[in-house]
Amino acid sequence: MEIVYHIGANCTDEDRLLKSLLRNVDVLSQDGVKVPGPSKYRRLIRETIQGLDGATPAPETRSIMLDAILDDEPTERLVLSNSNFICISNRVFDKGVFYALVEPKVRGLLQLFPGDDIELCIALRNPATFIPENFSKSKFDDLGTFMRGMQPIDVRWSDVIKRIQYIAPHCRLSVWCNEDTPLIWGRLMREIAGVPDSVPLIGTYDLLATIMEKEGMQRMKGYLKNNPPPTPQHELKIILAFLDKYALDDALNEDIDLPEFTHELVDQLSDQYDADVDFIRSMQGVNFITP
């Protein structure tokens, strides 16, 4: 069986990708793809990994887990999504390391389904917005305490990706930028579900609708319906043209309300993030999804 773990990151799509996939459970099931609701597995997986505490699961653990999640339905591909699979926002900088828990948590996820084909999916986000957003969702009142002494300028997603690859060298690893998601939403849905373009999915413009005026969305959908684009690249050009005219200004601008994050630091973090993304895109074994 193919097991797909969408592991976040924290404060990226906020379960919207899972919700879009859940709108298509019937059509996906026809292709052998199961997208269970989060109540079926999130607590189960968390408590099982915590109970094992690094130990190897008993041989029957896999079948017990699948029985609980699938309700005996025939499945070829299982999609499991949780932005807290690695940790909650409080612990993103445990021990002063960016995602210090990624190794034990990924190892635990892999051990639950030995022998299955495991895929890992993760969205990145500019540290200039990622850090403030996670800080706001944490229990901390002081940024330095939240980051356990780590400096924002030292945050590198490439370090996290390297560590995931070290723990899971044989797993397919798909990566994308959260900032690109409105433009690649339909492709993300298909990549994670593992279905071709020929499978009709609803909700492929769900996220685009959050940053575009309602009139623009209606006009764009009408245009695409009457003028089906021959390629994904052609479709992207059409989307960008409508977005250029109908984008919601407030939706595209992210306010950063932290005194420590000066304009100079935000610019520096953004430039560094762009360079880090370019490096990750060039890494062997990374399926980097771009517009």
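## Packing of α10 and α11

The crossing of α10 and α11 is right-handed (the near helix is turned clockwise from the far one by less than a right angle). The axes of α10 (residues 214-226) and α11 (residues 232-246) come within 10 Å and cross at roughly 155°. That makes α10 roughly antiparallel to α11, a label for angles over 145 degrees. Axes are lines fitted to C-alpha atoms, over the stretch in contact for helices, and angles run from 0 to 180 degrees between N-to-C directions. Helices are DSSP runs (H or I, at least four residues), as are strands (E, at least two), numbered from the N terminus.

On the α10 side, E215, G216, R219, M220, Y223 and L224 meet E235, I238, I239, F242 and Y246 of α11; contact means heavy atoms within 4.5 Å.

## Model basis

This is a predicted model in which local features need pLDDT of at least 70 and side-chain atom pairs pLDDT 80 or more, while totals for chains, interfaces and linings use all residues. Residues are numbered from 1 along each chain as its sequence is written, and side-chain values use heavy atoms, without hydrogens and water.

## Helix α9

Helix α9 (residues 181-193) bends by about 40° at R187, the angle between axes fitted to the seven residues ending there and the seven starting there. Of its 13 residues, 10 are buried, so α9 is largely enclosed by the rest of the structure. Buried means under 20% relative accessible area, exposed over 50%, partly exposed in between (1.4 Å probe, protein chains only). G194, with a positive phi near 75°, follows α9.

The G8 to A9 peptide bond is cis, with omega near 10°. E14 has a positive phi near 55° and is partly exposed at 40% relative accessible area. K95 has a positive phi of about 60° and is exposed at 77%.

How values were computed. Parallel < 35°, antiparallel > 145°, perpendicular 65-115°, else oblique.
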